[in-house]
Amino acid sequence: MQPTYKYIRMIKRRPGSTLKQFRDYWLEGCAERDKQAMDKAAAIRRIVKNVSTGEVALGGTEPPFDAMLALFFDSFADAQAACGGGKLSMLFGDDPNHVDTTIPTQEMIADEYQMGQKPDAASVLTGPRRLKIIRTVYRRNDLDPQRFKDYWLRNHARLEDVVIRQSPVVRIVATFAVPDGLDGKKPPFDGMVELYFKSTDDIRAMFASSIPAMMREDEKNFVQMDAPAIRFVADESIVNERAG
């Protein structure tokens, strides 16, 4: 599997701002700014914004963040060059009238792998918004980042194939933090999984099945199960993308 490199940042809306107000600002109010960012930063291939639907994924709690920004690049070197030294703050600065800028920034450079998808995924996951669950994880304390990643890609991936075949999940994407990838900073978490669905009913059906228990049992082999995790249901929007 060949990785795709990306920058990700978690975002929390300002206290007192409703989810709808935040969504309108971040997707519509920032549309011109996002277009200008693509014009100024040639290395950015795609801008993706994920906004919470407000629904809490089964087994989760009220998420500490409401959105996730993802910027995609052709290479790790491109990502480092474009994101290092605070360059992104000039292109994607947050408005304190809408975003809670008082909390510590959670951001990192990562590599992404598509772990599997249903044959009709491309046609299902079209349109302006794509429904998914975002969940972050920490590696087990006795594993270094490479062993954590290797177990996921070589072993846990087999169970993700089962998930694609036997559950309503349409696509699975795994993301791994690149240690010290962003200005030498420690990543806020080690890994992230994104599970795509056709509908919220499909999400509920998946959680009502035996699939989650099967996955949790294997996660004990590489995930720190008692560590805090971010989990929320989101709509994914591709807000800008270069041709070619």
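This report walks through the strand barrel of a predicted model and the helix packed on it.

Local features here need pLDDT of at least 70, side-chain atom pairs count only at pLDDT 80 or more, and totals for chains, interfaces and linings use all residues. Residues are numbered from 1 along each chain as its sequence is written, and side-chain values use heavy atoms, with hydrogens and water left out.

Let's start with the barrel. Eight strands close up in the order 1-3-2-8-5-7-6-4, with antiparallel pairing. Strands are DSSP runs of E, at least two residues, and helices are runs of H or I, at least four, numbered from the N terminus; two strands pair if DSSP finds at least two bridges between them. From one strand to the next, the twist averages 30° (axes are lines fitted to C-alpha atoms, for helices over the stretch in contact, and angles run from 0 to 180 degrees between N-to-C directions).

Helix 6 (residues 145–166) packs on the sheet and touches strands 4, 5, 6 and 7, contact being heavy atoms within 4.5 Å. Its direction makes about 45° with that of strand 4.

Here are some of the antiparallel pairings:

| Strands | Bridges |
|---|---|
| strand 2 and strand 3 | six bridges |
| strand 4 and strand 6 | seven bridges |
| strand 6 and strand 7 | six bridges |

As for partners, Arg 46 bridges to Phe 72 in strand 3, Gln 117 stands opposite Arg 171 in strand 6, and Val 173 has Glu 194 in strand 7 as its bridge partner.

Now, strand 6: seven of its seven residues are buried (under 20% relative accessible area with a 1.4 Å probe, protein chains only). Arg 171, Val 173, Thr 175 and Ala 177 are on one side, with Ile 172, Ala 174 and Phe 176 on the other.

Key: Buried means under 20% relative accessible area, exposed over 50%, partly exposed in between (1.4 Å probe, protein chains only).
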